[in-house]
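Thanks for coming, everyone. Please bring the model up on your screens, and we will walk through it together.

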Amino acid sequence: MMIKFVAFGLILLTFSFFLHVYIINILSDIYQTKEKITSKILYYEIIKYSLIYVSIFIFSWILSNLLYSIIYFLSFTYLGLIIYISMFCAFYQIIIKLIQLSPFISKIITIVIPVIITIYSLIKAQILYLQEESIVYDGYNASIKILHVSDMHLGAIYQKNSVEKLVKVINQQYPDVVVITGDISDGSSKVESDWMEPFNKISDNIEVLYITGNHENLYGKNEIISEIAKIRKIKYIGNSDEIIQIKGINFIGVDYEYKDAIKRVKNIINKNGIQNGINVLLYHIPNISLQDLNKAGIFLMLAGHTHGGQIFPFTILAWLGNKYFTGLYSNNNKNYIFVSSGYGTALTPMRFFSKKMIGIIDIKGRN
Ligand SMILES: [Fe+2]
């Protein structure tokens, strides 16, 4: 585990190193301090940030306290800020090839705008958006309201308070079932037992189902599952052949580990003899096609993982890299995939061109 954290820390470090070299070069031009920015200063800066990042990752499982959370929050907000500054420095370089800019305007573009976007992104990551979808299944003679939560990322930033807010929304919505499709933990710190306790305040007639995502593996999947097992209300179904039937709908859970997830799904469906049922699959990564879901007998898949790219420019990369990126997808209303852009955030606590989301999906028969 330690090797994973250090390796990840070093990747971030290398990434931020190149951003710093680039930013310092552009800003020293604008502030006309080229002669003052010596390689000595640059190396000092790089060593300083190296120590911050590496220490955070090395000590992340030792220091699970307020101080660690503050350092983590500031450090990754700073990472977001330098990503924005780099982006606007690149934009500035394009603009000055076309028109002359005064030093004042140059400073606005390269510093003031990125700082404003950073503040906006921090606020945006806290604003919850309920995405409501209604799906019709011919021949279904009831209706079910599914509340879909994904990517809570509990750890250094999101803790018990975040779960309490979520449970409040769940209780206001009166769903028939709550499904959690992975990344309940972030991996940035231990998930304390009491953080998940607010889930026990959900009314008795609402089922809560859970499968794991890739981030559970960062801190240790077994630890998280044993913490979840202490929460009476949550049922972990990611590694079980059992299906959960609620209001005539069959819920199937497959953990992130299953590389051939669709084969696993087919086995569960055959074992339970539900080939002709209304089957809903919980799977963290939206990398199963609508065609494959159709062949396997899955009506609806609920997934997360993409975070909607979380911040620009990663929103573009995530959009290009994920056929099912965020929201509802369908092949002529035969099968559906709903992808949540997540409740929490990974690394930087910011969102820009992506939403903190809870999905509300109603399945109904035709009137
Ligand atoms: Fe995630």
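This is a predicted model: local features need pLDDT of at least 70, side-chain atom pairs count only at pLDDT 80 or more; totals for chains, interfaces and linings use all residues.

Now the domains themselves. Domain 1 covers 2-124, and domain 2 covers 129-364. Their C-alpha centres lie 33 Å apart.

Step back to the whole chain. You are looking at 10 helices and 12 strands. The radius of gyration is 23 Å, close to the 21 Å given by the globule rule for 367 residues, so the chain is as compact as a globular protein of that length. Along the principal axes, the C-alpha atoms fill a box of roughly 75 × 45 × 35 Å. Buried residues make up 40% of the 367. Now take the contacts with a separation of 6 or more. Of these, 78% are between residues 24 or more positions apart.

Please find β8, residues 278-283. How many of its residues are buried? The count is 6 of 6. Here is the general point behind the next step. In a regular strand, side chains alternate between the two faces of the sheet. On one side of β8 you have Ile278, Val280 and Leu282. On the other are Asn279, Leu281 and Tyr283. The neighbour to look at is β7, residues 249-254. It runs parallel to β8, and 6 bridges join the two strands. For a landmark, take Val254, which stands opposite Tyr283 in β8.

Last stop, a helix. Go to α7, residues 221-229. Which of its residues are buried? They are Lys221, Ile224, Glu227 and Ile228. Look down the helix axis. These buried residues fall within an arc of 130°, so they line one face of α7. Turn to the other side of α7, and you find Asn222, Ser226 and Ala229 exposed. What covers the buried residues? The cover includes β4 (207-211), α6 (216-219) and β5 (234-236).

So, two views to keep. Helix α7 has its buried residues along one face.

Key: Residues are numbered from 1 along each chain as its sequence is written. Helices (H or I, at least four residues) and strands (E, at least two) are DSSP runs, numbered from the N terminus. The radius of gyration is taken over C-alpha atoms; the globule rule is 2.2 Å times the number of residues to the power 0.38. A residue is buried if 20 or more other C-beta atoms lie within 10 Å of its own, exposed if 12 or fewer, and partly exposed in between; C-beta atoms are placed from the backbone. Two residues are in contact if their C-beta atoms, placed from the backbone, lie within 7 Å. The arc is that of the directions from the helix axis to the C-beta atoms. Domain bounds come from an automatic or database domain assignment. Two strands pair if DSSP finds at least two bridges between them.
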